[in-house]
Amino acid sequence: MAGLISSSIGRKYAMAFSAFFLLSFLILHLVVNLLSLFGPNAYNNASDFMGYNPLVQYIMQPILVAGVIFHFVMGFILELRNNAARPIKYGVNNGSANSTWMSRNMIISGLVILAFLGLHMYDFWYHEMNYKYIEGLPVVENRFWTDLHEKFANPVRVGLYVVSFVLLGLHLAHGFQSSFQSIGARHPKYTPGIKAFGTWFSILVPAGFIIIALFHFITQ
Ligand code: HEM
């Protein structure tokens with residue numbers, strides 16, 4: 001671990017692989033939550049499976065939490081190291097002339113996503129852990145969809161979620177293609193395709209989350 005952090009290549013690789021892992025989680029998370037648009041049944045079944053399957057609960061979930069924490073900690077370390085290596089900020093590199101807003105402000109979009117995750121964990125994860133493990137309440141059929149639907153009755157929460165998803169899109173817009181660059185996956189034939197895929201990914205995934213939040217708000 002110390003070796004990873006001390007070499008700049010190691011830091012970039014670690015950041016990229018944790019990003020790939022989180023991207024795959026995002027797709028799964030989006031697909032499960034999109035089911036809620038088609039009524040309670042499919043969503044309740046999927047959530048029930050995820051919520052009570054020991055493999056998901058005791059292996060996949062801790063790995064996911066570790067992956068999220070690792071990505072944020074490495075992100076901060078990279079930012080601090082980059083700033084230390086560049087004492088005169090953008091003396092030569094004058095902002096948008098050489099790089100995009102997204103690439104220069106990954107730490108800002110990352111912090112917004114971190115704040116969102118704090119709220120989101122409180123809204124759903126804490127509620128779920130409390131229900132199952134602290135209060136030890138019984139398995140009640142069809143509770144997942146109702147819980148989700150009721151959360152999006154509050155316009156302030158919906159607004160905060162939508163703003164966070166827009167920032168998530170900006171973070172992905174740079175992060176997706178940058179992760180491929182970091183692991184050296186650069187090729188005149190494939191790089192344009194990776195960039196185009198990344199652009200669509202960073203639009204469609206946050207748009208999917210926004211649709212879920214707005215759907216539940218509008219159909220209260
Ligand atoms: C409208 C959009 C979203 C909805 C409806 C939603 C719903 C949920 C629900 C119901 C849970 C609790 C799962 C459980 O433990 O039983 C959860 C957990 C979680 N969500 Fe979301 N989520 C949304 C967007 C996001 C986004 C954009 C991210 C990442 C940036 C995210 C990251 C997480 C994480 C890390 C967990 C904890 C791990 C887990 O329990 O699976 N969610 N979400």
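Guide: A residue is called buried if 20 or more other C-beta atoms lie within 10 Å of its own, exposed if 12 or fewer, and partly exposed in between; the C-beta atoms are placed from the backbone. The model discussed here is predicted: local features need pLDDT of at least 70, side-chain atom pairs count only at pLDDT 80 or more, and totals for chains, interfaces and linings use all residues. Residues are numbered from 1 along each chain as its sequence is written.

Visitor: How do you know that the span of α9 is close to the expected one?

Guide: The expected span is 1.5 Å times one less than the number of residues in the helix. With 28 residues, α9 reaches 40 Å from its first C-alpha to its last, close to the expected 40 Å.

Visitor: Why is P155 called exposed?

Guide: P155 has 9 other C-beta atoms within 10 Å, and therefore it is exposed. This residue lies in helix α8. Its C-alpha atom is separated by 24 Å from that of I108, 47 residues away along the chain.

Visitor: What makes R186 and V140 count as exposed?

Guide: R186 counts as exposed because it has 10 C-beta neighbours inside 10 Å. V140 has 9 such neighbours and so counts as exposed. R186 is found in the loop between α8 and α9, and, leaving aside its neighbours within four places in sequence, it is in contact with Q181 and T191. V140 is found in the loop between α6 and α7; its C-alpha atom is 9.6 Å from that of D48, 92 residues away along the chain.

Visitor: Why is N33 placed in its class, and what is that class?

Guide: N33 has 19 other C-beta atoms within 10 Å, so it is partly exposed. The residue is in helix α2. Between N33 and Y122, which are 89 residues apart in sequence, the C-alpha to C-alpha distance is 17 Å.

Visitor: Which residues come nearest to the ligand?

Guide: There are 17 residues around the ligand, and N33, F124, E128, F209 and I212 come nearest. A residue is near a molecule if its C-beta atom, placed from the backbone, lies within 6 Å of it. At least two residues of this shell come from each of α2 (8-34), α4 (54-85), α6 (106-134), α8 (155-182) and α9 (191-218). The largest share, five residues, is that of α6.

Visitor: How do you know where confidence is lowest and highest?

Guide: The pLDDT, from 0 to 100, is the predictor's confidence in each residue. Its mean is lowest in helix α1 (residues 2-6), at 68, and highest in α9, at 97. For the protein chain the mean is 90, and 92% of the residues reach 70 or more.

Visitor: Which residues does UniProt list under "transmembrane region"?

Guide: An unreviewed UniProt entry lists residues 12-38, 58-80, 101-122, 158-176 and 197-218. In the model, residues 58-80 are 100% helix and 0% strand, with end C-alpha atoms 34 Å apart. Residues 197-218 are 100% helix and 0% strand, and their end C-alpha atoms lie 31 Å apart.

Technical notes. Helix = DSSP H or I, 4+ residues; strand = E, 2+ residues; numbered from the N terminus. UniProt positions renumbered as here; feature names shortened; annotations may be inferred. Contact = placed C-beta atoms within 7 Å.
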